[in-house]
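Let's take a friendly walk through a protein model together. Have a look at the picture first, and then read on.

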Amino acid sequence: SMEDDMKKLVGLIIAAAAAAMLFSLAACSEQTFTEGSYTLSGTEVKSITVDAEDRAVEVVASTDGNVNVEYYASDKEYYDISADGGHLTVSLVLDKSWTDYVGAQPDISYRTIRMEVPEVALESLKISTTNEKIELSQISATDVSLVNNWGDITFGKMSVGNGAEFVTKNGNISGILAGELNDYSVTCTVKKGSTNLPENKDGGEKTLAVDCNNGDVNIEFSA
């Protein structure tokens, strides 16, 4: 009947309009990323905190003795960076509405924070992110906290003065700690995965707390 045909036509128009709207939203969500950097003198740096999501965080040895932060930012995904009294904080700011989440995720090259850190003993190093890797070369800090959701945590030889905490969900934890197992009091919780660490071990001057849900833990010790 003509009425049915009209209904079909109206239905098609609504579907086409919805598709066009989604297409235009996807086009709107294309962002322009610009490269940025931040430098803090290596003699000033006391601690580093990185708070992000959907970002890979890479920490490598500094070539010039400074802390250098390299990143990409858009007007909707940018960083709040401050260094009060040598305490460097890098926080991702997402200034987005729901329409910005339609369409493809920006390329991983735009979603990587790269930090060059000199060979100084930091008071603390704290990094948290989601969905991408945390990867550190040699680092030295009194206290370390690395937290990742849906991503791996890997680290080269790490010197810890007081305590280390590694937490991941849907990812693996692997790395090397300076010293030996006996230097650490250990608590290690692993769900759906394997670990080479004892579940509980007392007696060390330093603390090692590991929590891994759906992933494997492999932490070696090196003199």
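## Aromatic rings

This predicted model has five aromatic pairs, where rings of Phe, Tyr and Trp (its six-membered ring) pair if their centres lie within 6.5 Å; planes under 30 degrees apart count as stacked, over 60 as edge-to-face and the rest as tilted. One of them joins Y71 and Y79, an edge-to-face pair with 5.2 Å from centre to centre and 65° between the planes. Another is made by Y184 and F221: their ring centres are 5.6 Å apart and their planes stand at 50°, so this pair is tilted. Y184 belongs to strand β13 (residues 184-191) and F221 to strand β16 (residues 217-222), so the pair links distant parts of the chain, 37 residues apart. Helices (H or I, at least four residues) and strands (E, at least two) are DSSP runs, numbered from the N terminus. Ring pairs also link F33, Y72 and Y110 into a cluster.

How hidden are these residues? Buried means under 20% relative accessible area, exposed over 50%, and partly exposed in between (1.4 Å probe, protein chains only).

| Residue | Relative accessibility | Class |
|---|---|---|
| Y71 | 15% | buried |
| Y79 | 11% | buried |
| Y184 | 0% | buried |
| F221 | 24% | partly exposed |
| N131 | 36% | partly exposed |
| I176 | 32% | partly exposed |

A word on the numbers: residues are numbered from 1 along each chain as its sequence is written, and side-chain values use heavy atoms, with hydrogens and water left out. As this is a predicted model, local features need pLDDT of at least 70 and side-chain atom pairs count only at pLDDT 80 or more, while totals for chains, interfaces and linings use all residues.

## The whole protein

The protein has one helix and 16 strands. Its radius of gyration (taken over C-alpha atoms) is 23 Å, well over the 17 Å that the globule rule gives for 223 residues, so the protein is more spread out than a compact globule. That rule is 2.2 Å times the number of residues to the power 0.38. Along its principal axes, the C-alpha trace spans about 85 × 40 × 25 Å.

Of the 223 residues, 36% are buried. Contact means heavy atoms within 4.5 Å; among contacts between residues at least 6 apart in sequence, 53% join residues at least 24 apart. The side chains include 16 positive and 35 negative ones, with Lys and Arg counted as positive, Asp and Glu as negative, and His and the chain ends not counted. The centres of the two sets lie 5 Å apart, taking NZ of Lys, CZ of Arg, CG of Asp or CD of Glu as the place of a charge.

N131 is not a glycine either, yet has a positive phi of about 70°. N131 lies in the loop between β8 (121-130) and β9 (134-136).

Finally, find I176 in strand β12 (residues 173-178). Not counting residues up to four places away in sequence, I176 touches F155, G156, K157, M158, E220 and S222. The C-alpha atoms of I176 and K7 are separated by 67 Å, and the two residues are 169 residues apart along the chain.
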